[in-house]
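Trainee: Hi, could you walk me through this structure before I get lost in it?

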Amino acid sequence: MATTTASNLTLLLASTLPSRVRLPTRLLRAPRASPLRLSTAAASSGSRTLTSPASSETPEAAEELRLETESALEWGGVCARLADFASTAAGRAACAEGRVPVGRSREESERLLDQTAAAVALLSSLTPLDFGGVGDVSAVIAAAARGRLLAVREICGVGRSLRAARGVFEQLNGLAEEMPDGRYSPLVDILQDCDFLTELVQMIEFCLDSNLSMVLDQASDKLGTIRKERRMNIDVLESLLRDASTKIFQAGGVDSPLVTKRRSRMCVGVKASHKHLVPGGIVLSSSGSGATYFMEPRDAVQLNNTEVKLAGDERAEELAVLGLLTSRIADSRLKIRHLMGKILELDLACARGSYALQINGVRPAFSDRDNSTQLDPSSACSVFIEGIQHPLLLEQFRGIVKESDAEVGNGQLSEEVCVSAMPVPLDMRVKNDTRIVVISGPNTGGKTATMKTLGLASLMSKAGMFFPSKGRPRLPWFDQVLADIGDHQSLENSLSTFSGNISRLRKIVQVVSKDSLVLIDEIGSGTDPSEGVSLSTSILKYLASRLNLAIVTTHYADLSRLKSVDDRFENAAMEFCLETLKPTYRILWGSTGNSNALSIAKSIGFDQKILDRAQEWVEKLLPDKQKERQGLLYDSLRDERNLLESQANEAASVLSDVEGLYNEILSEADDLDNRVAALRAIESQKVQQELKFVKTQMDLIIKNFEVQLQNSKLEQYNSAMRKAEAATASLAASHQPTEFTFSDDENKSSYVPKIGDKVYVEGLGGGSTATVVEILSEDGSCIIQYGKIKARTKNNKMKLAQRDAKETSASSVQRKGRTAKRSPAEATQGASISFAPAVQTSKNTVDLRGLRVAEASHELQMAIDGCRSYQVLFIVHGMGTGAVKECALGILRSHPRVAKIEDESPLNYGCTVAYIE
């Protein structure tokens, strides 16, 4: 019966979902216009290094030379070191693969150097950019462009990278706004015009949960409805199956209640012998032993059908959402690639800045052969680099230092290790009219290392990288760096050493241009010396008119003699110490070096008898007295070099002193402007306060006069009028500006200022005094301080106001329309002097309560010095123990500017009134 019933039921099982689904209307957007193509400058940000401008006839030869030159100069090692400072996966991959951007033109290289300088300034302020969240989405974008449906995790990665890119721009823009000098502008310009696709990011975050990697219910109305119905159906189905499983367990049909899923349908477990406990049920599966059946109860069939249908609808709707987001990403692929390229450019700029700080790099400048000036001696050289060190050798030395520190444990490195591992700084000076530099000298003397250092410095400057040197290095911008270094012998290609070198030189001659740098190691070696010299001479003369600069190393003395017949040639030699029989790795410009083969053979322990016989043959082969002339020339050059070094050190010391003096004067000039501005602000504030006070007093006088008119009789009108006029005149007189004049006799006085003197200064205005803080004996002047402002004045432009209680003398300063300063007793008797009204305000009150005696004394002195003439000053000293009060009264009684004082009254306890002249 159960079997017959079950056969009439329809089972809906999971099937393959349709490949094409209808997109929900909620997520549909209006079509966008196709984005513009990227500019060539942006598209070339990830270009290969050493871009070759070779003609179309030899592109393969130029590319082969580029790769071989990179390998010979160990450019990959520099890129690998740069990768350690990259913050993004794309940046590290670009550096590891050698895809560091190199300027195709001088302007582009200058832009890269500006970016590096801005990154150095940014990193020096300890505010690195946060590239966290920026991932390499190039593969995901390419897959979307090919039409593959992206997974939730991939789409969330794109959204996360876009949002992180916007965060980097906002952080950089905020830092740039804090620095109005524009030092970060080259970095801001990288992302300035980028589209951060905010709408796409918001759509991704609205539809997907990046933490759970799932499509959210709110992605579409249909998806939300389906999931709601499915949850309700699942709840009913699970409740039904739990009840059925419990009944089976209670009837002994199973060891424990079991609800599981088989063939995408929910079912219960039951023993095969108790199959009858599930009447009308359908057997979906059985256990491996066959003892347990997994049966779907009859009542659960329709619910399972609904579950399968809703699950399929849900998956179809999720695919529709993912398909829409994938299409949006595919449509925006050009903008996303452009933005990620700019983020890579910014990351590499910051990596170059970090690397420059690591190696103490200096920014190079590109030189012009035609722009030489007499003011700058270095402008006479196309290459002017002082103290350059090979960056890879420098990194190797630092690695040795770290290893030695770890072994020794005390942080000290032996002197032998430092001397042997530290790369020797090189000075390179090539004149503007020089095209070929011939370097000679001993083996292991550093000829090849010098040549490699210049070649690597050229590549680094083109790529916007700083290199370790001193001063301000200058070198030309080279469109190509072509090198023939090393042994190119190849048994596979049937090439001998000479054949391999000549084959490389042929390629160089084919692709060389007017702006190229050519590096040739041991030119013409590997064959008969006479033929080698002849061929090398012909090649160098041919290249001299077809390139910017060539550096050549040789052991042929005949090549060094080309300088005497052609001004385009220059000689250089690697120094060799005859005392220690070791090279010094220093380059001597303008001189010719010996190979010193016999000395080197002796230093490595060769048989002395063989060396003596070789020396005899050398003396026979050399012309008469040539050895003596070479020795004299070498000694002369060494003495001249020592003299030039001492003069250069002396000039550097003088330059340092001049720069220090210049910076000091510049700082003083800037500070003077600030002082003038501060003084004007203070004077303006004082004038405004005085005007406000005068207006208040005038209003009070007018008000009193009007009250008197109302309350007085007619015969008292004249008296009231005179009182009002007198009060007005007194107020005007008290605020009349005073100027001090100095007579000719007084200008010739022998007043000698002392530090601490209170003086009147001509032009300072009023009765204000200044304090002498420094005596300048060289020109008869001194430094005075007025408030917080310091100024310099002549001795004949100031007069003594106060020295101390024992040395205070009568002032010789005369005021226009007034008598000389009088004593407090005389001031009390003088009825003609009128002071400001004794009205206490916050402006004429000094509060000494709560201060120590020394602090109160200083505060009161400052208040008296800053008080205007004929003003009233209220000193609040309080009651207390009386120490501050006694100190204040003592200062007021002895101060020359205090005309009289009024002790505290019953209406004003703890306050003394002083009248200031």
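Mentor: Happy to, and we can start with the overall picture before going into details. This is a predicted model, in which local features need pLDDT of at least 70, side-chain atom pairs count only at pLDDT 80 or more, and totals for chains, interfaces and linings use all residues. Residues are numbered from 1 along each chain as its sequence is written, and side-chain values use heavy atoms, with hydrogens and water left out.

Trainee: What is pLDDT, and what is its mean here?

Mentor: pLDDT is the predictor's confidence in each residue, from 0 to 100. The mean for the protein chain is 79, and 77% of its residues reach 70 or more.

Trainee: Where does pLDDT stay under 50?

Mentor: Residues 743-748 are one such stretch, and there the model has 7 contacts beyond four places in sequence; a contact means heavy atoms within 4.5 Å. Another is residues 805-832, with 37 contacts beyond four places in sequence. Where pLDDT is low, the predicted coordinates should not be read in detail.

Trainee: Good to know. How many helices and strands are there?

Mentor: The protein chain has 27 helices and 27 strands. Both are DSSP runs numbered from the N terminus: helices are H or I with at least four residues, and strands are E with at least two.

Trainee: And how much of the chain is buried?

Mentor: Of its 917 residues, 41% count as buried. Buried means under 20% relative accessible area, exposed means over 50%, and partly exposed lies in between (1.4 Å probe, protein chains only).

Trainee: Let's switch to salt bridges. How many does the structure hold?

Mentor: It holds 40. A salt bridge is a side-chain nitrogen of Lys or Arg within 4 Å of a carboxyl oxygen of Asp or Glu. For example, glutamate 170 pairs with arginine 166, with their closest N and O atoms 3.2 Å apart.

Trainee: Where do glutamate 170 and arginine 166 sit?

Mentor: Both are in helix α8 (residues 152-178), and because they are 4 residues apart there, about one helical turn separates them. Glutamate 170 is partly exposed at 48% relative accessibility, and arginine 166 is partly exposed at 34%.

Trainee: Which salt bridge does aspartate 217 form?

Mentor: Aspartate 217 forms one with arginine 227, the closest N and O atoms being 2.6 Å apart. This pair links distant parts of the chain, 10 residues apart: aspartate 217 is in the loop between β2 (214-215) and α11 (221-250), and arginine 227 is in helix α11.

Trainee: Is arginine 227 buried or exposed?

Mentor: Arginine 227 is buried, with a relative accessible area of 6%, while aspartate 217 is partly exposed at 32%.

Trainee: Okay, strands next. What does β6 pair with?

Mentor: Strand β4 (residues 265-271) pairs with β6 (residues 292-296) in the antiparallel sense over 4 bridges. Strand β5 (residues 282-286) also runs antiparallel to β6, joined by 4 bridges. Two strands pair if DSSP finds at least two bridges between them.

Trainee: Which residues stand opposite each other there?

Mentor: Lysine 271 stands opposite threonine 292 in β6, and serine 286 stands opposite tyrosine 293 in β6. β5 and β6 form a hairpin with 5 residues between them, and glycine 290 in the turn has a positive phi of about 80 degrees.

Trainee: What about the open sheet of 4 strands, what order does it have?

Mentor: The order is β7-β11-β8-β9, with mixed pairing. β7 (365-366) and β9 (426-431) stand at the edges, each with a single partner strand, so one side of each is left without a neighbour in the sheet.

Trainee: How do β8 and β9 pair?

Mentor: Strand β8 (residues 381-388) and β9 are antiparallel, with 5 bridges. The bridge partner of isoleucine 385 in β9 is methionine 428.

Trainee: Last one: where is leucine 873, and is it buried or exposed?

Mentor: Leucine 873 is in strand β25 (residues 871-876), and leucine 873 counts as buried at 5% relative accessibility. Leaving aside neighbours within four places in sequence, its contacts include Asn844, Val846 and Ile916. The C-alpha atoms of leucine 873 and alanine 838 are separated by 8.4 Å, although these residues are 35 apart along the chain.
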